[in-house]
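User: I am new to this structure and would like to go through it step by step. Could you put it on screen, please?

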Amino acid sequence: MDAVSKAWSHVRGNLRRSAGQRLFDQWLKPVELIPGSTPEAIRLGLPSAFMTQWVKNHYSERLLLEFRGVLPEVLSVTIETMADEPQRVLKAEPVAAPVAERPAAERPAFDARFTFERFVTDSTNRVAFNAAKAIAQPGVPQFSPLYLHAGTGQGKTHLMHAIGQAFLDANPNATAIYVTAERFMFEFVQALRNKDTHSFKTRLRSVDLLMIDDLQFIGGKDATQEEFFHTVNEFMSSGKRLVVAADRAPQSLEGFEPRLASRLGSGLVADIKPAELDLRRRIVVRKLGDMPAVAMPDEVIDLLAARITSNVRELEGALNRLVAYANLSNEPITIDFAVATLGEVLRSAQRRITIDEIQRAVSAHFEVKQIDLISERRAVAIARPRQIAMYLAKRLTTRSLPEIGRKFGNRDHSTVIHAVRRIEELRGKDVEIDGAVRTLMRTLEG
């Protein structure tokens, strides 16, 4: 079996576990690898145009990420209809036409992995998580719209899928639509061309829950924004649930009419901040809980959490790649294996933070002179920021304790140990200290 076939076997296994047996059998089992696929260009085939379009809409990005987790050189994954050329499909299996309980537009095929139970929380995302759970509850919604904003790969889409699944589980007769802003725009333009905007509007506004992802992509699209504005008004006036996600706050959306930004901001706006080290580690541990056969030492978990800082999606991708390589090569996961396998990923993800940068950031935050941090002054207004700077130097750099001490006025390494332990203790009971440390870490790691 060549590398592409092995990768496909691994990807199919992941899809079967994550999608659940019913969804997998109905939509994903018929997908087959087309002969001639290369590690750079994967080609997948389905027996009908209808199934091809469904998999493209719901799984094209996921398939690309899954393949890249096993074969980093993958550039594209194309999904094709193979009804006319069945001989080109490997191991084609006869499948019955999928039967949906409801039209796909009314009951989206949410990703079974993305539930509230599987969303790992801390202070960076807890408000968004609690708001998402609240809007999914049955009864009259406490607020609408819910506007989620965060950078790429921080969990917005996870929460939207969790909302949809929880809402439909609690309200079996309810209807919902989950669509990206680009898809919203495409369908609206098609409706304009077909002179059938009435059907488009009726379909969207008749559901009980409407979710629009990646809203920033309709910036500058005046006609689409106009239609979306009226849709927002319709949902607000009727007391129905509307959930919107974007990469920035409503007031910061580029190319958006002020009245639309104002409407979106009139509900509950909740942001998801970049995951900090502790949360990243817990996410890796949570993902490993789904892989009981995988043995991963703590030092490898710490490596992933410390070095993959850009977003949660890339962290999960690095973990999947490491596990896949270990399975394919039949090797145990060690720190050396992890570094060899993820070398390029780790190098590109790492941004070297210096103690000088830390001292500058701390002095600016607490409005003290940088030279005071290395002085002998012991006033609390100076000593506490100095301890925080030492703590951050230990957390964010690879410098040894004696090296850190030398950078802070030739202090002994025991002074650094005391500072680190003191700040760890204060973070557990002093909200202001904890908030300052979190803010500084985001600034330095960003």
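User: How many aromatic pairs does a search of the whole structure find?
Analyst: The search finds seven aromatic pairs. Rings of Phe, Tyr and Trp (its six-membered ring) pair if their centres lie within 6.5 Å; planes under 30 degrees apart count as stacked, over 60 as edge-to-face and the rest as tilted. This is a predicted model, in which local features need pLDDT of at least 70 and side-chain atom pairs count only at pLDDT 80 or more, while totals for chains, interfaces and linings use all residues. Residues are numbered from 1 along each chain as its sequence is written, and side-chain values use heavy atoms, with hydrogens and water left out.

User: What kind of pair do Trp8 and Phe67 form?
Analyst: Trp8 and Phe67 are stacked, at 5.9 Å centre to centre with 10° between the planes. The pair links distant parts of the chain, 59 residues apart: Trp8 belongs to helix α1 (residues 3–19) and Phe67 to helix α3 (residues 49–70). Helices (H or I, at least four residues) and strands (E, at least two) are DSSP runs, numbered from the N terminus.

User: Are those two buried or exposed?
Analyst: Trp8 is buried, and Phe67 is buried as well. Buried means under 20% relative accessible area, exposed over 50%, and partly exposed in between (1.4 Å probe, protein chains only).

User: And what about Phe116 and Phe129?
Analyst: They form an edge-to-face pair, with 5.8 Å centre to centre and 85° between the planes. Phe116 sits in the loop between β3 (76–81) and α4 (126–136), whereas Phe129 is in helix α4. Both Phe116 and Phe129 are buried.

User: Which residues do ring pairs link into a cluster?
Analyst: The cluster consists of Phe184, Phe188, Phe200 and Phe228.

User: Changing topic: in what order do the five strands of the open sheet run?
Analyst: The order is β5-β6-β7-β4-β8, with parallel pairing. Two strands pair if DSSP finds at least two bridges between them. At the edges are β5 (176–180) and β8 (268–271), each of which pairs on one side only. From one strand to the next, the twist averages 15°.

User: How many bridges join β5 to β6?
Analyst: Five bridges join β5 to β6 (residues 209–213), and the two run parallel. Tyr178 has Met211 in β6 as its bridge partner.

User: Which helix packs on the sheet, touching β6 and β7?
Analyst: Helix α8 (residues 222–238) does so, and its direction makes about 140° with that of β7 (241–246). Contact means heavy atoms within 4.5 Å. Axes are lines fitted to C-alpha atoms, for helices over the stretch in contact, and angles run from 0 to 180 degrees between N-to-C directions.

User: Where is Lys195 found?
Analyst: Lys195 is in the loop between α6 (181–193) and α7 (197–205). Its phi is near 55°, a positive value in a residue other than glycine. Lys195 counts as exposed because its relative accessible area is 79%.

User: What is the phi of Asp214?
Analyst: Asp214 has a positive phi of about 55°, although it is not a glycine. Asp214 lies in the loop between β6 and α8. Asp214 counts as partly exposed because its relative accessibility is 24%.

User: Last one: is the peptide bond from Ser144 to Pro145 cis or trans?
Analyst: That bond is cis, with omega near 5°. Pro145 has its place in the loop between α4 and β4 (146–149).
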